[in-house]
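Here are some exercises to work through with the viewer open. Try each task before you read its solution.

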Amino acid sequence: MQSKASSFRARTFFITGAVFLGIVLLAFVMSLICSPYDPNATSAREILLPPSGAHLFGTDNFGRDVFSRILDASKYTIFISIAGVAIALFLGVLSGLPAGYFGGFPDRVIMLFNNSIMCFPGILLALVAVAVFGPSMFNVVWALGLVFAPTFARVCRAGAMELKTRDFIMHAKVMRVKPVRIMYSHILPNLMPQLLPATVIGLANMTLFESGMSYLGLGVQPPDASFGKMLADCKAYVLTAPWLVIFPSLMLIFYILGLYFLSEGIRVSYSGRSDS
Amino acid sequence: MSLNTRQNLKYAGLKFIELIATLFVVSFLTFAAFSIIPGDTAQIMLGPNASPEQVARLRTELGLDQPLPVRYITWVAGAFTGNLGDSSSFKVPVISLIAQRLPVTLGMSILALIMVIAVSYPLSVFSARRPGRIGDTICSILGHVLFAIPPFVLSLLLIVLASGVLHIFTMGKYAPPEKGFGNYIASLALPAFAIALPKIAMTFKFMRSAIIEQNASEYVKTERSHGLSEARIFLRHVLPNSNVSSITIITLVLSDILGGSLIVEQVFNLPGLGRLLLTAIDRRDFPLMSGMIFYLALITVILYFVSDILASIADPRIRLK
């Protein structure tokens with residue numbers, strides 16, 4: 001049974017998160033079906049127009065419609081964060097579960113590699129990978145996936161170490177269930193309370209990284225729109241054309257904030273369940 | 001030698017072996033990343049218009065004509081003696097380029113760390129004393145929001161506020177420490193603040209929950225029932241017991257700050273390591289890139305080592321695991 005207070009807290013987090021995420025998801029859907037202008041179409045006659053009926057969020061220094069570009073940017077942001085986290089999760093589960101379950105030497109080796117990767121400031125590793133292999137969305141995704149994998153490996157390892165002494169795992173062992181099956185169909189589903197919030201937080205952190213990389217020009221490549229690049233390009237106009245700063249920043253913050261609230265909601269609702 | 005000291009030494013020794021092993025893997029990964037580049041490294045560095053003689057000369061210069069293990073050993077030996085060779089685009093030793101830019105990045109990071117500690121500690125103590133009250137709720141919501149703002153967005157907003165509205169800051173003006181320490185700090189204060197704000201939120205969140213957890217524990221209840229003063233319970237028992245979490249979180253924050261400063265200094269146009277890295281990437285200067293990565297990772301590895309040792313002093317139970 002969940003206590004009333006914690007279920008209320010969880011619901012508040014879920015609703016706030018859903019509202020913020022809903023805005024970004026709406027933008028994503030709109031970018032696919034009804035973008036008002038071509039996001040990359042420039043127009044010399046419509047440079048730096050303030051928001052109006054024709055251009056909801058105004059236009060930028062190339063005369064591109066900011067609203068359409070924001071729709072497009074949310075598409076790439078959502079795609080990169082999900083694809084990157086999927087890679088990180090896959091690698092993390094693949095290396096973390098055996099490390100925790102078997103312990104001993106395999107554990108030491110796997111964790112040594114994980115800890116070593118964690119020692120590089122994450123953004124640095126991703127930047128260099130992209131620099132070496134060339135800036136493209138594909139390279140950004142796998143580089144970020146690699147950088148984030150150790151986080152998930154740690155969660156899986158800690159969970160597997162704790163669960164392997166439980167009776168139901170012991171029982172499975174006695175019944176000669178194969179280790180692979182124990183790890184992936186007995187331990188993994190029980191790690192959801194830790195893994196699910198970590199995944200959602202991972203999406204948010206990956207977006208932070210991706211937008212930073214795009215800001216430096218090593219993430220999403222022009223002419224494709226991304227929040228980071230939009231904010232980098234508008235630096236000269238921050239005071240004269242504030243709409244170029246406000247709208248991309250807000251969308252970026254909404255997405256990250258929505259994910260934080262969602263993960264907090266998941267965490268609270270799981271911990272509320274185990275408390276009583 | 002007492003049992004305790006022996007355990008201390010044993011733990012420190014084990015951690016030291018781990019440190020060496022990690023350094024080995026880190027150096028190997030750094031080296032490998034630049035050796036598995038598809039195609040000819042010298043050709044990539046010089047671009048498609050280079051003549052075959054130029055490429056051959058650069059290959060010899062970089063030692064690319066030697067076998068991989070030899071190159072690795074030369075590189076590692078150089079890295080630990082501070083000799084990483086010459087940058088291929090600046091034509092000066094990598095180490096002097098890094099040393100030249102370090103005051104900006106390091107100064108900013110240290111300043112940001114001081115801000116994080118100075119703000120988040122008192123705030124988390126204040127919040128944790130009465131969780132759920134209005135003050136705590138405001139702090140917590142503010143923390144969530146600040147946590148979600150990317151550092152470069154925060155920097156942009158701060159620039160607009162400080163130089164556009166308040167006129168107290170000129171962008172891209174950096175005063176080196178030789179020309180007056182006060183000016184040096186002043187020129188780095190705003191970027192440091194931009195890095196620190198999200199980290200303040202993060203530290204606040206962790207410290208707050210650590211203190212709340214301690215406050216709710218049985219021993220605190222017992223102490224209250226024995227009539228100990230709140231101040232004494234907090235200073236002598238709760239605070240020391242949350243030291244481990246604070247050491248862990250400060251370490252994480254510090255390595256985040258180092259990475260974050262690379263981007264923020266770019267927004268503020270400061271001549272730090274971030275700009276150097278981008279120049280290196282832009283000019284395909286692989287010796288410079290690998291040198292910077294290795295040294296930044298080295299700092300982090302040592303940081304983690306120190307934090308492990310400190311944590312084991314704060315909570316001796318860690319040593320027994």
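From the N terminus on, chain B runs α-α-α-α-α-α-α-α-α-α-α-α-α-α, where helices (H or I, at least four residues) and strands (E, at least two) are DSSP runs numbered from the N terminus. This is a predicted model, in which local features need pLDDT of at least 70, side-chain atom pairs count only at pLDDT 80 or more, and totals for chains, interfaces and linings use all residues. Residues are numbered from 1 along each chain as its sequence is written, while chains are lettered from A and ligands numbered from 1 in the order in which they are written.

**Exercise 1.** Work out how many helices and strands chain B has, and what share of its residues is buried.

*Solution.* Start with the elements: chain B has 14 helices and zero strands. Next, burial: 35% of the 321 residues of chain B are buried (20 or more other C-beta atoms within 10 Å of a residue's own; 12 or fewer is exposed, and in between is partly exposed, with C-beta atoms placed from the backbone). Then the dimensions: the C-alpha atoms of chain B fill a box of roughly 85 × 60 × 35 Å along the principal axes. Last, confidence: chain B averages a pLDDT of 83, and 96% of its residues score at least 70 (pLDDT is the predictor's per-residue confidence, from 0 to 100). For the model, ipTM is 0.81 and pTM is 0.87.

**Exercise 2.** Describe how α5(A) packs against α8(A).

*Solution.* Two packed helices are described by the angle between their axes and the distance between the axes. Here, α5 (residues 137-163) and α8 (residues 192-215) of chain A pack at about 155°, with axes 10 Å apart. Because over 145 degrees counts as roughly antiparallel (under 35 is roughly parallel, 65 to 115 roughly perpendicular, the rest oblique), α5(A) and α8(A) are roughly antiparallel. The residues in this contact include A:Phe148 and A:Phe152 of α5(A), and A:Met206 and A:Phe209 of α8(A). By type, the contact residues are ten nonpolar, four polar and one charged (Ala, Val, Leu, Ile, Met, Phe, Trp, Tyr, Cys and Pro are nonpolar; Asp, Glu, Lys and Arg are charged; the others, Gly among them, are polar).

**Exercise 3.** Which elements of chain A give two or more residues to the side that touches chain B?

*Solution.* First the head count: 29 residues from chain A and 35 residues from chain B take part in the contact. On chain A, the elements you want are α3 (104-119), α4 (122-133), α8 and α10 (243-275). That side of chain A has 23 nonpolar, six polar and no charged residues.

**Exercise 4.** Locate A:Arg176 and B:Lys91, and check their phi angles.

*Solution.* Most residues other than glycine have a negative phi. A:Arg176, though, has a positive phi of about 60°. A:Arg176 sits in the loop between α6 (167-174) and α7 (179-187) of chain A, and counts as exposed with 6 C-beta neighbours inside 10 Å. B:Lys91 also has a positive phi, near 60°. Its loop runs between α4 (68-80) and α5 (94-129) of chain B, and B:Lys91 is exposed, with 7 other C-beta atoms within 10 Å.

Notes
Axes fitted to C-alpha atoms, helices over the stretch in contact; angles between N-to-C directions. Contact = placed C-beta atoms within 7 Å.
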